[in-house]
Amino acid sequence: MSCAYGARLPTLLTALRLPTIRNHWETMSAQADAEGWTGARLLSVLAELELAERSQRRIGRHLEQSRLPAGKSFESFDFSAVPMLRRAHLEALASGDSWLASGQNVLMFGPPGAGKTHLAAGLGRRLIDQGYRVFFTRTTDLVQRLQTARRELTLPSAIEKLDKFDLLILDDLSYVEKDQAETSVLFELISARYERKSLLITANQPFGAWDRIFPDPSMTVAAIDRLVHHATIFEMNVESYRRRSAVTRSQTAAKEVKAG
Ligand code: ADP
Ligand code: MG
């Protein structure tokens with residue numbers, strides 16, 4: 001490649017917004033010259049590089065926006081601690097596909113420490129790696145945000161903004177306080193996403209106790225009805241992982257080594 005082309009190329013690539021090609025064209029074209037690549041091969045190698053880095057950057061952005069708790073992955077989850085979970089089932093969900101496209105839900109029940117947040121975050125992480133968009137929030141935080149939006153008469157647009165997320169993870173639904181205005185924004189969110197966009201909800205309390213969350217029984221029934229219509233439900237009725245690992249640390253360590 002002559003100097004005249006080389007001098008102009010960075011400007012052209014910047015104008016075309018191809019930063020990866022701009023960074024790599026020199027080494028790649030030197031390699032192409034040395035190894036006698038065809039022009040088509042050089043072009044295609046550079047295009048692939050640009051695409052790969054672009055997708056990595058997008059995933060990085062999505063990960064930042066997701067607010068997922070750090071370090072809670074599928075890989076670090078000890079499935080043997082929750083024998084009622086089938087790992088294959090979760091792996092299937094983690095591959096995304098049709099359940100997100102049709103707005104199906106996932107519900108995780110279990111006592112504090114059962115691993116609900118960890119598992120939900122791990123699932124979210126896997127989905128982001130595949131290009132999906134996920135948002136993780138404590139349910140109380142989101143309810144407060146929507147509550148503010150309602151006061152400012154912008155609730156519909158606040159709910160609509162969440163549509164950009166294929167999956168909304170509402171952690172700890174049971175901690176929402178029973179307050180007419182507060183919980184009806186939650187109901188409106190559930191209704192708005194029904195059969196369109198997925199929700200993953202974790203809760204310490206099974207449905208029987210949800211009357212304590214929603215202000216009146218008919219709203220509770222209507223909310224549960226929409227949530228479970230197309231849903232996968234995981235009952236994680238195990239003792240707190242933290243407590244167990246404190247009590248039987250040595251056994252747990254042995255198990256992890258085996259599973260690892
Ligand atoms: P929950 O949300 O059900 O209250 P968490 O997911 O917060 O429980 O789990 C409590 C702690 O124990 C976290 O630090 C989590 O990473 C860890 N933990 C829970 N279950 C497991 C598991 N099966 N394997 C590895 N770590 C776990
Ligand atoms: Mg939790």
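Helix 10 covers residues 217-229, and its 13 residues should span 18 Å at 1.5 Å a residue; the end C-alpha atoms lie 18 Å apart, so the two agree. The expected span is 1.5 Å times one less than the number of residues. Helices (H or I, at least four residues) and strands (E, at least two) are DSSP runs, numbered from the N terminus. This is a predicted model: local features need pLDDT of at least 70, side-chain atom pairs count only at pLDDT 80 or more, and totals for chains, interfaces and linings use all residues. Residues are numbered from 1 along each chain as its sequence is written, chains are lettered from A and ligands numbered from 1 in the order in which they are written, and side-chain values use heavy atoms, leaving out hydrogens and water.

Which residues of helix 10 are buried? They are M219, T220, A222, A223, I224 and L227. Buried means under 20% relative accessible area, exposed over 50%, and partly exposed in between (1.4 Å probe, protein chains only).

A nonpolar core is a set of buried Ala, Val, Leu, Ile, Met, Phe, Trp, Tyr and Cys residues joined through side-chain atoms within 4.5 Å. The largest one has 32 residues, and L186, W210 and F214 have the most contacts inside it. At least two residues of this core come from each of strand 1, helix 7 (139-151), helix 8 (155-161), strand 3 (167-171), helix 9 (180-193), strand 4 (198-203) and helix 10. W210 touches T220, I224 and L227, and also F109, L173, I201, A203 and Q205, not counting residues up to four places away in sequence. Contact here means heavy atoms within 4.5 Å. Another core, of 30 residues, lies apart from the largest one; I59, V82, F234 and V238 are among its members.

Five strands form an open sheet in the order 2-3-4-1-5, with parallel pairing. Two strands pair if DSSP finds at least two bridges between them. Strand 2 (134-138) and strand 5 (231-235) are at the edges with a single partner strand each, so one side of each has no neighbour in the sheet. On average, neighbouring strands are turned by 10° against each other, direction ignored. Axes are lines fitted to C-alpha atoms, for helices over the stretch in contact, and angles run from 0 to 180 degrees between N-to-C directions.

Strand 1 (residues 105-109) runs parallel to strand 5, and five bridges join the two. In this pair, F109 stands opposite E235 of strand 5. Helix 4 (residues 87-94) packs on the sheet, touching strand 1 and strand 5, and its direction makes about 140° with that of strand 5.

A salt bridge puts a side-chain nitrogen of Lys or Arg within 4 Å of a carboxyl oxygen of Asp or Glu. The whole structure holds 10 of them. E91 counts as partly exposed because its relative accessibility is 26%. E75, R87, E91 and R126 are linked in a network of salt bridges.

Helix 6 (residues 116-129) repeats the spacing: D129 and R125 are four residues apart, about one helical turn. Their closest N and O atoms are 3.3 Å apart, in a salt bridge.

Is E50 buried or exposed? E50 is buried, because its relative accessibility is 3%. Its side chain meets that of R57 in a salt bridge (3.9 Å, N to O). R57, at 37%, counts as partly exposed.
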